[in-house]
Amino acid sequence: MAAYRSAAGFQRVLHAVKTFDKILIANRGEIACRVIKTCKKMGIKTVAVHSDVDSSAVHVKMADEAVCVGPAPTNKSYLNMDAIMNAIKQTGAQAVHPGYGFLSENKQFAKRLAAEGVSFIGPDTHAIQAMGDKIESKLIAKAAKVNTIPGFDGVVKDAEEAVKIAGEIGYPVMIKASAGGGGKGMRIAWNDEETREGFRFSSQEAASSFGDDRLLIEKFIDNPRHIEIQVLADKHGNALWLNERECSIQRRNQKVVEEAPSTFLDPDTRRAMGEQAVSLAKAVKYSSAGTVEFLVDSKKNFYFLEMNTRLQVEHPITECITGLDLVQQMIRIAMGYKLQHKQSDIPINGWAIESRVYAEDPYKSFGLPSIGRLSQYQEPLDLRNVRVDSGIEEGSDISIYYDPMISKLVTYGKTREEALKKMEEALDNYVIRGVTHNIPLLREIIVHPRFVSGDISTKFLPEVYPDGFKGHMLTAGERRELLATAAALYVAAQLRSQKFLGDLRVSVVPAESRQWELCVELDKGVHMLGVSRSGNNYTVEIDGEKVEVSGEWNLASALLPLTINGKHRTLQCLLRTAAGEITLQYLGTSFKLRVLSKLAASLSKHMPEKVPEDTSSILRSPMPGSVVAVSVKPGDNVAEGQEICVIEAMKMQNSMTAAKAAKVKSVHCKAGDTVGEGDLLVELE
Amino acid sequence: MNARGYSVNHPSVQERIEKKRQAALTGGGQLRIAAQHKRGKLTARERLELLLDPDSFVEYDMFVEHRCSDFGMEADHNKYPGDSVVTGQGRINGRLVYVFSQDFTVFGGSLSGAHAQKICKIMDQAMMVGAPVIGLNDSGGARIQEGVESLAGYADIFLRNVMSSGVVPQISLIMGPCAGGAVYSPALTDFTFMVKDTSYLFITGPDVVKSVTNEDVSQEELGGAKTHTTVSGVAHRAFENDVDALLNLRDFFNFLPLSNKDPAPVTECHDPRDRLVPGLDTVVPFESTKAYDMLDIVHGIVDEREFFEIMPNYAKNIVVGFARMNGRTVGIVGNQPKVASGCLDINSSVKGARFVRFCDAFNIPIITFVDVPGFLPGTAQEYGGIIRHGAKLLYAFAEATVPKITVITRKAYGGAYDVMSSKHLRGDVNYAWPSAEVAVMGAKGAVQIIFRGKENQAEAEAEYVEKFANPFPAAVRGFVDDIIQPSTTRKRICRDLEVLASKKQTNPWKKHANIPL
């Protein structure tokens, strides 16, 4: 994985320059760990800050020193400038790396650091301020001859003004937080009604996320790609562009899968975008690493979207293809060194893909946050050309307080095809238990023909899955493989349960049968299977077709490496019960199967059907979070789709709506309540 | 008359045998079988077929018939070969088990003298050869036509339940009604499991309840699976339906030794005995008031995260159940900080005590995870007799002579520290995690007593925390054998169990002990 991973050469380069003695990382999770790694390589001492619930977090363990900066809520800890300033004083850190999010683009924080003579590893206050404000940044970009989107370059006062401006620009429009980023406080409106609603949501979200509810409106470019240019600038007026990252695969304006380079850009467009990005960086006297985001339409017209004045979540893919360590570069620049490279030194070596692995349920609007304790966790690090940036470990809690990201899984290859193949393998070998995760969705995206051919846009997910993500759709052959694996696993487990060691009593195991007749249920389909075994090899006959499955059959391992009909496949067994339920993760998606002996299956038909709860009249919280507002009271009549309450989780506000027109029977929550996934919110009649 | 002494007009013995056999196999007949199925229940024989290994069932007393001659019962059409129960022995995963399965299709599975006699026969043999007894209960109650003979039959079974207790494991699976005197046989067995929605246990049904106490209650509320697994604690676990219950019973059976003379079984294990469990290093929260799930610890430590929990929905402040360590069955007892801070109260003490005694009776090592703030205070508990009920758990741990390994994960306060398989009660290996706090009580309470009315309580509290809110006071006195890194717990326990496998310890001779009932 280019220079970033070849430790020997890396070490030499890093030690060559004198930088800071001690850096405080004002962040948590994977990015804090990421920064600490580079600091360690550079021989710099590190200080972690943490909230009380994070006191045994990985970043705290990795750092040389750690300081608790407050209780769990971010505004009391990771956004608590006073506490962080104290931590700096207390530990004598000479510089602060802010990571992304939190205080990374907070000019107030940068100012306070400057006042104390502490270096901020990032751009100076002027650039943060200029680029942090979407209105101002657009004006500067225009002046720097960067292509911009038509829109209203001012703060929108209220919903009615928003409607008026929207009418002038023409629908669709995008309403977004002036101080925003990361998709928060952002809404798209196609008509006046949606504009009013969007204005309300965005201003609430903006207020809670950024403490600043100013909004702006611009023309919404329908079906664009999101492509961004990484720039690197020093304090001496030099700037470079480190090629692009394709970030079009998004859900609710948050990125899911990124790659570098983009399949879409030709060298001319790339250069044009790169040069505009650099000219913008120079216009604001930018120093450090930054990212200029563009929307690119199908004709390769590109428009400036915003500039992120910080290290970006998806920076590893740029590191993979350029061989640069961006954190190291940022530290050097902050120290005042000149750039080491010229534009002509910047290569595109191979291809890198990043999947953002989140603790969220991809079956609910492509991902609603889930929480829990990682009861088992194993990163696929024994594979070559795989990088995992994470800040959690087995036993870590994913809580409602912070971003639900588990890790960034990056694979690298000489070609895109190679990188994608590696990603399939890495996702299949990634063991995450205890929280719901989005691997099913990631695994589907990277093999989808449209994605593989590079035909993507920011609308990829809603276009490919118009009715929501439903998991992998099995082909007939895959279905057979899955059924055969479940059957073989069942037999292997059955055989083991007859083996008692050192038992003095006579155990009468029936002469070992070589043939089993089993009934396997999958999605209400019932299949009769014939299984025969020879050692670790099973031959399973399904509807006249034979499937050969062989493997070690280690029943304690989370991973099931198998050879199915000669092909290597890694499945995971998520559940295996005495009653024959087997849940297998296959091609990323988990499938619930039930394996029964022929006898048990035939007797099962007499078992009573248990009636599931009628869910249309019951509104349950789809995720853990807190109730922001309840818009109904018992006795109210609601229309189908009418908002009933708003749940905030991980800083996102989610409107809960009625599934049918009905009268409200009872309300079980009030604003300010904390609710868990599945908690009853409102009951309709 | 032919040479063999039978009339040519009568069927041959061979034919009669065949006919009786057929009749026995169809029980109460196709109509009643269909009715049984319609209720979502399997027949007595179907249940045995599913419970036992294929072709392993050896049936006894297929030709036994009831002996009642009153109320027209003597009529041929009222005689069913085998009567209302199927008995015999068979194998579960190759291991011997005696079984009886009551046949609801014959007189509603009611218990006649003959029915009881059949059950007694297999129970007697099970005791002699040393093999567990599984009863599948599905019976309307006493055979009223037989009167006292039926009652005598119950008593004969009760006596054998008691005699077998502690000799062979006895398991009852309630798969239909079980009312009146009949309930006491399951109550005397080691484990009672139920099937949701189709099984009931009560002394008197809703009608009698209504006439005596004027209470309106449904069968399900009075004695359904939910009631007994959550409220009364009569049943140890409930399953979805007959098939689910029987398959789970097979799985459960694998944990049990065949008798008190057999060691706990050891199965082939794929989980490395020296596996480190990194997640355990962070499972106990820093704040000692914050809850965590003891099951996270249990699942992390045992083989393949497989834990057969007993009474999972009753007295949830204590967790008990079976698991394996390097293939060998162990009994797990753990305070559950997630529920009522893991305190000991009446119900959790009784739940724990009964489980510990089962393990001790059947050579199953006991692993105890301790995080207990003490006994639950209050009038409800005192009036309910927490003193004598709490004593049961103390008694059970103290008298147990099987290998006992204890891990103090966090709090071990007051008398509850002593109770939870402490060193003083002959714990073989007692560990403390670094987060352990062994003390008479929490710092705040202690300081309020020691320094009553004095100032500087906060300072004193800090001193108390410094002194006692750590594992050292117990470790310097040898009350814990070692302070261990949580991630190494599995490895240590597996190693200790190997050492303790040959443990021999006996209590003084006595007719029987006198546990505070």
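Biologist: Which side chain does B:K121 meet in a salt bridge?

Modeller: This is a predicted model. In general terms, a salt bridge is a side-chain nitrogen of Lys or Arg within 4 Å of a carboxyl oxygen of Asp or Glu. Here the partner of B:K121 is the side chain of B:D61, at 2.6 Å from N to O. The two residues are 60 apart, with B:K121 in helix α4 and B:D61 in the loop between β1 and β2 of chain B.

Biologist: Is B:D61 buried or exposed?

Modeller: B:D61 has a relative accessible area of 18%, so it counts as buried, since buried means under 20%. B:K121, at 40%, is partly exposed.

Biologist: How many salt bridges are found over all chains?

Modeller: The search of the whole structure finds 74. In one of them, A:K598 meets A:E517 at 3.5 Å. A:K598 belongs to helix α19 and A:E517 to strand β24, so this pair ties together parts that are 81 residues apart in sequence. Some residues are also linked in a network of salt bridges, including A:E228, A:R245 and A:K255.

Biologist: What do the strands β24 to β31 of chain A form?

Modeller: Strands of a sheet pair through backbone hydrogen bonds, either parallel or antiparallel. In chain A, these eight strands run as a closed barrel with antiparallel pairing. Neighbouring strands of this sheet are turned by 35° against each other on average, direction ignored.

Biologist: How many bridges join strand β25 to strand β26 of chain A?

Modeller: Six bridges join this antiparallel pair, residues 525-534 and 537-542. As for individual partners, A:L529 has A:I542 of β26 as its bridge partner.

Note on methods: Residues are numbered from 1 along each chain as its sequence is written. Chains are lettered from A and ligands numbered from 1 in the order in which they are written. This is a predicted model: local features need pLDDT of at least 70, side-chain atom pairs count only at pLDDT 80 or more; totals for chains, interfaces and linings use all residues. Side-chain values use heavy atoms; hydrogens and water are left out. Two strands pair if DSSP finds at least two bridges between them. Helices (H or I, at least four residues) and strands (E, at least two) are DSSP runs, numbered from the N terminus. Axes are lines fitted to C-alpha atoms, for helices over the stretch in contact, and angles run from 0 to 180 degrees between N-to-C directions. Buried means under 20% relative accessible area, exposed over 50%, partly exposed in between (1.4 Å probe, protein chains only).
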